[in-house]
Amino acid sequence: MPKGKTKTKYSPEEYIVAIVMTLMLILCFANVLSRYILHLPLLFTDALLGALFPMVTFLGAPIVCMRKRNPAFTLFSDMLPRKHQKYVELLTTIASVILFSFLLYYGTMKTLDYYQYNTTINALNNAPRWIFSVCIPVGALLYIWRTIQVSVSAFKERAISGAEEDER
């Protein structure tokens, strides 16, 4: 490994999203080839892509949070004095946890409904819909966990840097 380079550690969410996005890319490419070369659309690809999109979205949100790439986390806090930034971060954390708690609850209820009533996706050879909708509560739970994890880490860093500033 070149000097100065560190190996990046990836989370399980990142591996899953990478695999699903690769699958989506292959499906899109196959559909385009099928339409323009064979003049036959692959109808199941549209349904499968529509089912996989929420998976990428809800598993991608915790990745964004974990990597601290969400502009909403710093949009307002960066405009404030350093001593007030922690309050905005705390408010953002609480709001995020509340929002994703609703998504966790309602996503779980919807997934259980799909499972209980055996709802299927016809274009995917009657695949159970709950398999694809389970990513909503799982993603919401992961987001809550990552949000709390990142916030606790940020508060610890702020406490350490605040103690170092007090020593000077």
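This is a predicted model: local features need pLDDT of at least 70, side-chain atom pairs count only at pLDDT 80 or more; totals for chains, interfaces and linings use all residues.
Of the 168 residues in the protein, 34% are buried. Here's a quick tour, by topic.

**Overall layout**

- The protein has six helices and two strands.
- Reading from the N terminus, the elements go α-α-α-α-β-β-α-α.
- Take the contacts between residues at least 6 apart in sequence: 68% of them join residues at least 24 apart.

**Helix H4**

- H4 covers residues 82-116, which makes 35 residues.
- The buried residues in H4 are Gln85, Val88, Glu89, Thr92, Thr93, Ser96, Phe100, Gly107, Thr111 and Tyr114.
- There's also a nonpolar patch on the surface, formed by Leu90, Ile94, Ile98, Phe102, Tyr105, Tyr106, Met109 and Leu112. Together these residues have about 800 Å² of accessible area.
- Met109, one of the patch residues, is found in helix H4. Its relative accessible area is 34%, so Met109 counts as partly exposed.
- After H4 comes Asn118, with a positive phi near 55°.

**The loop between S1 and S2**

- Strand S1 is 120-121 and strand S2 is 127-128, with Asn125 in the loop between them. Asn126 lies in that loop too.
- Asn125 has a positive phi near 60° even though it is a residue other than glycine.
- Asn126 isn't a glycine either, and its phi is positive at about 60°.

**Salt bridges**

- The structure holds three salt bridges.
- Glu13 and Arg146 meet through their side chains, at 2.9 Å from N to O. This pair links distant parts of the chain, with Glu13 in helix H1 and Arg146 in helix H6 (residues 135-167), 133 residues apart. Both Glu13 and Arg146 are buried.
- Glu14 pairs with Arg67, and their closest N and O atoms are 2.9 Å apart. Glu14 sits in helix H1 and Arg67 in the loop between helix H2 (43-66) and helix H3 (71-74), so the bridge ties together parts that are 53 residues apart in sequence. Glu14 is buried, with a relative accessible area of 13%, whereas Arg67 counts as partly exposed at 29%.
- Arg35 pairs with Asp46, with 3.4 Å between the closest N and O atoms. Since Arg35 lies in helix H1 and Asp46 in helix H2, this pair ties together parts that are eleven residues apart in sequence. Arg35 is partly exposed at 37% relative accessible area, and Asp46 is partly exposed at 41%.

**Ser34 in helix H1**

- Ser34 is found in helix H1, which runs over residues 12-38.
- Is Ser34 buried or exposed? Ser34 has a relative accessible area of 6%, so it counts as buried.
- Setting aside neighbours within four places in sequence, Ser34 is in contact with His39, Leu40, Pro41 and Leu42.

**Cysteines**

- The structure holds zero disulfides.
- Cys65 is buried, with a relative accessible area of 1%, while Cys28 is partly exposed at 37%.

Conventions. Residues are numbered from 1 along each chain as its sequence is written. Side-chain values use heavy atoms; hydrogens and water are left out. Helices (H or I, at least four residues) and strands (E, at least two) are DSSP runs, numbered from the N terminus. Buried means under 20% relative accessible area, exposed over 50%, partly exposed in between (1.4 Å probe, protein chains only). Contact means heavy atoms within 4.5 Å. The expected span of a helix is 1.5 Å times one less than its number of residues. Patches are made of residues with over 30% relative accessible area and no salt bridge: like charges are joined within 9 Å, nonpolar side chains (Val, Leu, Ile, Met, Phe, Trp, Tyr) within 5 Å. Accessible areas come from the Shrake-Rupley method with a 1.4 Å probe; for residues, only the protein chains shown count as cover. A salt bridge is a side-chain nitrogen of Lys or Arg within 4 Å of a carboxyl oxygen of Asp or Glu. A disulfide is a pair of cysteine sulfur atoms within 2.5 Å.
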